[in-house]
Amino acid sequence: MNNDLNFSGGPGVLPATVRAEAQQAIDCVPGVGLSVLGISHRSDWFAAVVAEAESNIRALLGLPADYAVLFLQGGASLQFSMIPMLLLRGTGKTAEYLRTGYWSSKAIPDARLEGDVRIVWDGEANGFHRLPGPTEFVCSPDAAYLHYVSNETVEGTQFHYIPGIDSVTRVCDMSSDFLSRPFDPNRFDLIYAHAQKNLGPAGVTVVILRRELLERAPPGLPAMLDYRKHLAAGSIHNTPPVFAIHVVMLVTRWLLRSISGLENMARINQAKAAALYRAIDASAGFYTGWAAPENRSLMNVTFTLPSPELEKKFLEKSAAAGFSGLGGHRSLGGIRASIYNAMTLEAVNALCMFMSEFESSSRS
Ligand code: PMP
């Protein structure tokens, strides 16, 4: 195994420099003299870490002041509940969901516990191979909100436009493509993304929301499920995952200082994805891309081989060559190469080379 060749769907690869800084911090945070694992979440040092993580995210996105940035626990999955608790419970309205794959499907049952849900487009009939175009579904101007997943991690499909009506509250699960490309934050009302793809280790979820949404909160929310409590406490309502938030700060600092922002990050991500999709398309049917070409993800490249036996052999040989994390999600099978921000173009090129050699040796 080799950290640089870790194509895992998540937790995924982190930048080598960040891993080195995190390692040093586990031993002793420079200037503090203690391990990050043993520093109080009430310390001035940690307050500065949270402040920098937030300001880095604000700088990367050009986020206006009327949005709050929160660092929460419970993974992206807890947002499946917290969002409808805030925006649907007791409203008598209907929440709208785009059902485009494994993760958007997971969000729907939790929303149904809070009120009416309408699926405005359902990709199940086409096997979740493709996403809807903007004219293939109609959203209601009266909906409580529209929820969608910008990048379906399992299937490897990604929206390359922003669906929905701008006057309706737009909620997006960006867990697997947050900070991988620039976008206009003003088009969104609530964005959430767990850390373990592009941001850091598992344990923390970034939530960005328009502050005015909080005025809609129904009475009786438990404190841990109430965004207002977390905002008032500066994300330290209870003991937060200090280490995970510290690494998010380091990764966002890396994005700003070493990558020089999201435009550059997007260019690198496009080059990586283009190389892999070229390798698939040049294989004359040996490798078959899962996603419809216009919906291909720049983060999760999913494909199949001519038989399950060849897929098994592909995984064995690639593991022997140092690659890891290439097995498709347990619900789908096949191969998935996750090429999050920290995956280098060199590593992707090495995988393309391996694919070409594997194809030649399998054909001969
Ligand atoms: N949404 C998306 C798009 C995901 O990829 C995942 C997990 N991979 C989740 C939600 C669930 O996240 P968590 O495990 O942090 O609850």
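Reader: Which helix gives the most to the shell around the ligand?

Author: A helix here is a DSSP run of H or I with at least four residues, numbered from the N terminus. Helix α3, residues 75-87, gives the most to that shell, with 4 residues. The model is predicted, so local features need pLDDT of at least 70 and side-chain atom pairs count only at pLDDT 80 or more, while totals for chains, interfaces and linings use all residues. Residues are numbered from 1 along each chain as its sequence is written, and side-chain values use heavy atoms, with hydrogens and water left out.

Reader: How many residues surround the ligand?

Author: A residue is near a molecule if one of its heavy atoms lies within 4 Å of it. Here 13 residues surround the ligand, and S77, T153, D173, H194 and K197 are the closest.

Reader: Which polar side-chain atoms lie by a nitrogen atom of the ligand?

Author: A polar contact is a pair of N or O atoms within 3.5 Å. D173 has a polar side-chain atom 2.6 Å from a ligand nitrogen atom, and K197 also has one 2.6 Å from a nitrogen atom of the ligand.

Reader: What space does the ligand take?

Author: Rolling a probe the size of a water molecule over the atoms shows where empty space is left. A pocket is an open set of points on a 1 Å grid over the protein atoms alone, where a 1.4 Å probe fits, with protein on both sides within 12 Å along at least five of seven lines; lining residues have an atom within 4 Å of a point. The ligand takes the space of the largest pocket, which is lined by 21 residues.

Terms used. Polar contact = N/O pair within 3.5 Å; in protein donor to acceptor, adjacent residues only side chain to side chain. Sits in = over half its atoms within 2 Å of the grid points. Helix = DSSP H or I, 4+ residues; strand = E, 2+ residues; numbered from the N terminus.
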